[in-house]
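Please read this briefing alongside the sequence and the 3D view. Topics run from the whole chain to single residues.

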Amino acid sequence: MNTAPSTSLASVLGHGSLAILAYAILGVLLLVAGFYVIDLATPGRLSKVIRTDRNPNATLLTASSLAAVGLIVAASIWSSGGALRDGLLATLVFGLVGIAVQTLGMVVFDKVAGISVRELAHEATLQPAAVLLAVTHFVIGLITAVAVL
């Protein structure tokens, strides 16, 4: 007699769909949190600076930060090993740590290198300092993501 538990296709699909939904919601919440942290670092409303003022520096810095958070979320999901509750908790913690590290990176660059996100957001044309900070944000996210793995 076969005593192994049977896993129906419906059960697998249901659990998988629930996991996708849970990770997607958490990922979006972390991206929103990352956006608002950047919003605090820039003068004025970030959405207005990007959409209405069409500031390329603010856009580049925001995009690179959100890409970095996305890398961290993806690495956290990958490393969860299918354990949904533990994976969601790890994703939340690692995502928040990644946002905090990026914020610290902005502060350090402002103090050490004299590159201010606030000042860059006032510049109408793309500045080399914005490119440098954008790459730094992305690399911090990459480093954090690899550390998660």
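The chain exposes about 8,700 Å², and carbon and sulfur atoms supply 72% of that area. Accessible areas come from the Shrake-Rupley method with a 1.4 Å probe, and for residues only the protein chains shown count as cover. This is a predicted model: local features need pLDDT of at least 70, side-chain atom pairs count only at pLDDT 80 or more, and totals for chains, interfaces and linings use all residues. Residues are numbered from 1 along each chain as its sequence is written, and side-chain values use heavy atoms, with hydrogens and water left out.

**Fold and dimensions**

- The chain has six helices and zero strands. Helices (H or I, at least four residues) and strands (E, at least two) are DSSP runs, numbered from the N terminus.
- Read from the N terminus, the order of elements is α-α-α-α-α-α.
- The radius of gyration of the chain is 19 Å, whereas a compact globule of 149 residues would have a value near 15 Å. This radius is taken over C-alpha atoms, and the globule rule is 2.2 Å times the number of residues to the power 0.38.
- The C-alpha trace spans about 75 × 30 × 20 Å along its principal axes.

**Burial, contacts and charge**

- Of the 149 residues in the chain, 34% are buried. Buried means under 20% relative accessible area, exposed means over 50%, and partly exposed lies in between (1.4 Å probe, protein chains only).
- Take the contacts between residues at least 6 apart in sequence: 76% of them join residues at least 24 apart. A contact means heavy atoms within 4.5 Å.
- The chain carries 7 positive and 6 negative side chains, and the centres of the two sets lie 7 Å apart. Lys and Arg count as positive and Asp and Glu as negative, while His and the chain ends are not counted. Each charge is placed at NZ of Lys, CZ of Arg, CG of Asp or CD of Glu.

**Aromatic pairing**

- Rings of Phe, Tyr and Trp (its six-membered ring) pair if their centres lie within 6.5 Å; planes under 30 degrees apart count as stacked, over 60 as edge-to-face and the rest as tilted. By this rule there is one aromatic pair.
- Phenylalanine 35 and tyrosine 36 form that pair, edge-to-face, at 5.6 Å centre to centre with 90° between the planes.
- Tyrosine 36 has a relative accessible area of 41%, so it counts as partly exposed.

- Threonine 62 sits in helix 3 (residues 56-79). Its relative accessible area is 4%, so threonine 62 is buried.
- Leaving out residues up to four places away in sequence, threonine 62 touches Phe35, Ile38, Leu46 and Ile50.
- Isoleucine 50 belongs to helix 2. Isoleucine 50 is partly exposed because its relative accessibility is 24%.
- With the residues up to four places away again set aside, isoleucine 50 touches Asn55, Ala58, Thr59 and Thr62.

**Loop and N-terminal segment**

- Arginine 54 lies in the loop between helix 2 (46-51) and helix 3. Its phi is positive, about 55°, although arginine 54 is not a glycine.
- Arginine 54 counts as exposed because its relative accessibility is 67%.
- Threonine 7 is in the segment before helix 1 (9-41). At 59% relative accessible area, threonine 7 is exposed.
- Threonine 7 and glycine 44 are 37 residues apart along the chain, and their C-alpha atoms are separated by 53 Å.
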